[in-house]
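The following note sets out numbered comments on the structure under review. Each point may be read beside the sequence and the coordinates.

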Amino acid sequence: MPLSTWLTFFLASWAISFSPGAGAISAMSSGLKYGFARGYWNTAGLIMGILFQFVVVAVGLGAVLATSEMAFNVVKYLGVAYLIYLGVRQIRTDAAPVAVDSGDPKRASIRDLVMRGFLINTMNPKGTVFLLAVVPQFVDTALPLASQYAALAATLAFTDLVAMGVYTLLAARVLRMLRDVKHIRWMNRTFGSLFILAGVFLASFRRHS
């Protein structure tokens, strides 16, 4: 994979990882309830879940590539359209404070936290659709696919580890801010705009030969 392509995906991954969603809510909820040290185990499960979905997407894209390059391009531009739609929807989403269940924090084991994160990302169909929207933009069909998928998956896992760690830490240390509807609305508008910009940018993005 050309360095310029990887760098572009690296930058996009930060927007992807920090975008509010099921994973971010799970990370914040864990931080609010268990604190950073224990709550961060939830992120391990989230990463396992996103990597599982990445494998599913990679296999699916492989099947599309085996069909035709035209089919691959159709998937690519449908993905661009989805990113823009997601951005508009994110901007228009009403804010809601993070909810925390009232159970006993001491009863949740590390295994429970990891499994919870894994199931959240694995069972979320939006994650699969989102990866289908993003991954084709950075795959060069003329190069070996396995190594490209591995590089993209590792990059996304890294940025997700950092992003979910930040969410968990903020929730553990700055509770009032993350429960303030105004701040969450601001986050929705910011990341919604980033999704739209990403969609426009990726539509014009061309890999170097």
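1. Ala81 belongs to helix α5, which covers residues 69–92. In this predicted model, Ala81 has a relative accessible area of 42% and is therefore partly exposed; the class applies because the value lies between the 20% limit for buried and the 50% limit for exposed. Ala81 and Ala133 are 52 residues apart along the chain, and their C-alpha atoms are separated by 8.3 Å.

2. A second pair of alanines involves helix α8, in which Ala146 is found. That helix comprises residues 145–173. Ala146 has a relative accessible area of 60% and so counts as exposed. In sequence, Ala146 and Ala58 are 88 residues apart, whereas the distance in space, C-alpha to C-alpha, is 8.7 Å.

3. Helix α8 also holds Leu161. With a relative accessible area of 36%, Leu161 is partly exposed. Leu161 contributes to a nonpolar patch on the surface, together with Phe158, Val162 and Val166. The accessible area of these four residues together is about 290 Å². Membership of a patch requires over 30% relative accessible area, a limit that Leu161 passes at 36%.

4. Which residues is Thr43 in contact with, leaving aside its neighbours within four places in sequence? They are Asp160, Leu161, Met164, Gly165 and Thr168. Thr43 itself is placed in helix α4, residues 41–67. Its relative accessibility is 0%, so Thr43 counts as buried.

5. Helix α2 runs over residues 22–34. Its 13 residues reach 18 Å from the first C-alpha to the last, close to the 18 Å expected at 1.5 Å a residue. Is this helix mostly covered or mostly uncovered? It is mostly covered, with eleven of the 13 residues buried. The buried set consists of Gly23, Ala24, Ser26, Ala27, Met28, Ser29, Ser30, Gly31, Leu32, Lys33 and Tyr34. After α2 comes Gly35, which has a positive phi, near 85°.

6. Tyr34, located in α2, deserves a separate comment. The relative accessible area of Tyr34 is 12%, and the residue is therefore buried, since the class requires a value under 20%. A separation of 9.4 Å is found between the C-alpha atoms of Tyr34 and Thr168, which are 134 residues apart along the chain.

7. Gly21 has 26% relative accessibility and so counts as partly exposed. Gly21 and Gly127 are 106 residues apart in sequence, while 9.4 Å separates them in space, C-alpha to C-alpha.

8. Helix α6 covers residues 110–122 and has 13 residues. The span from its first C-alpha to its last is 18 Å, close to the 18 Å expected at 1.5 Å a residue. Its buried residues are Leu113, Val114, Gly117, Asn121 and Thr122. Why do the buried residues of α6 line one face of the helix? Seen down the axis of α6, they fall within an arc of 155°, so they line one face. An α-helix has 3.6 residues a turn, so residues three or four places apart point the same way.

9. For the chain as a whole, the model contains ten helices and zero strands. The pattern along the sequence is accordingly α-α-α-α-α-α-α-α-α-α. Of the 209 residues in the chain, 41% are buried. Among contacts between residues at least 6 apart in sequence, 89% join residues at least 24 apart. The chain exposes about 10,900 Å², of which carbon and sulfur atoms supply 69%.

How values were computed: Residues numbered from 1 in each chain as written. Predicted model: local features only at pLDDT ≥ 70, side-chain atom pairs only at ≥ 80, totals over all residues. Heavy atoms only, no water. Patch = residues over 30% accessible without salt bridge, like charges linked within 9 Å, V, L, I, M, F, W, Y side chains within 5 Å. Areas by Shrake-Rupley, 256 points an atom, 1.4 Å probe, with all protein chains shown as cover. Salt bridge = Lys/Arg side-chain N within 4 Å of Asp/Glu carboxyl O. Helix = DSSP H or I, 4+ residues; strand = E, 2+ residues; numbered from the N terminus. Buried < 20%, exposed > 50% of the residue type's maximum accessible area, 1.4 Å probe, protein only. Expected span 1.5 Å × (residues − 1). Arc of directions from axis to C-beta. Contact = heavy atoms within 4.5 Å.
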